[in-house]
Amino acid sequence: LVPGRTEVPLLPPPDQPQMDDGSCPPSQNWTEGQDETLRCGARGNPLPLLECTKDGEPFPAGVLRPVTRAHAGTYLCQATNPLGTTVRSITVWVQCEWGRGSWGGSWVSQGEGAG
C-alpha cells in the first residue's frame, strides 16, 4: 500500500456467456429410479441467465429429481447476458430398471442422431 492512495479492487472484465465440457457435460448417464440433476452451468460477466429445455418445455438445471425413462433424450441449455448468448446440447442416457439382474443394464436415448 502506498500512503495517501486508495486501493481499488479490480473487477473482472465483462465477458459473454461460456459453457464447456466441464461446466456442462454434453453426455450424461442417469439411472432410472435414482435422483439425478441436469448438470449445466455457465460463466460470464455479468453472470448469465441459464435456461434449459427438453422438447420445448422448461427443465431447470441443478434440480434434483427422480429419473424415469422419459428423461432420456436431448436437452438444450441457453446462457444469456447483455454481451451475448450461447447454446449447448446435452444428451441424457437413462439406464432402465428392467435391464438389471442377469440381463445387465441397458441404455436408452430418445432422439438419437439429433443435433
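Student: Which residues in the largest nonpolar core touch the most other members?
Tutor: This is a predicted model. Its largest nonpolar core has 15 residues, and Trp30, Leu38, Tyr75, Ile90 and Val92 touch the most other members.

Student: Which elements give two or more residues to this core?
Tutor: Strand E8 (73-81) and strand E9 (84-95).

Student: And what is tyrosine 75 in contact with, leaving aside its neighbours within four places in sequence?
Tutor: Trp30, Leu38, Thr53, Lys54, Phe59, Arg88, Ser89, Ile90 and Val92.

Student: OK, cysteines. How many disulfides in the whole structure?
Tutor: A search finds 2. Cysteine 24 is joined to cysteine 40, S to S 2.1 Å, and cysteine 52 to cysteine 77, with the sulfur atoms 2.0 Å apart.

Student: Where does the cysteine 52 and cysteine 77 pair sit?
Tutor: Cysteine 52 is in strand E5 (residues 49-54) and cysteine 77 in strand E8, so the link ties together parts 25 residues apart in sequence. Both cysteine 52 and cysteine 77 are buried.

Student: Is that link left-handed or right-handed?
Tutor: Right-handed, with 115° about the S-S bond. The link of cysteine 24 and cysteine 40 is left-handed, at -95°.

Student: Where are cysteine 24 and cysteine 40, then?
Tutor: In loops, 16 residues apart: cysteine 24 between strand E1 (15-18) and strand E2 (27-31), cysteine 40 between strand E3 (35-36) and strand E4 (43-45). Cysteine 24 and cysteine 40 are both buried.

Student: What's the pairing in sequence order?
Tutor: Numbering the bonded cysteines along the protein chain, 1-2, 3-4.

Student: And cysteine 96, buried or exposed?
Tutor: Buried, with a relative accessible area of 1%.

Notes. Residues numbered from 1 in each chain as written. Predicted model: local features only at pLDDT ≥ 70, side-chain atom pairs only at ≥ 80, totals over all residues. Heavy atoms only, no water. Core = buried A, V, L, I, M, F, W, Y, C linked by side-chain atoms within 4.5 Å. Buried < 20%, exposed > 50% of the residue type's maximum accessible area, 1.4 Å probe, protein only. Helix = DSSP H or I, 4+ residues; strand = E, 2+ residues; numbered from the N terminus. Contact = heavy atoms within 4.5 Å. Disulfide = S-S within 2.5 Å.
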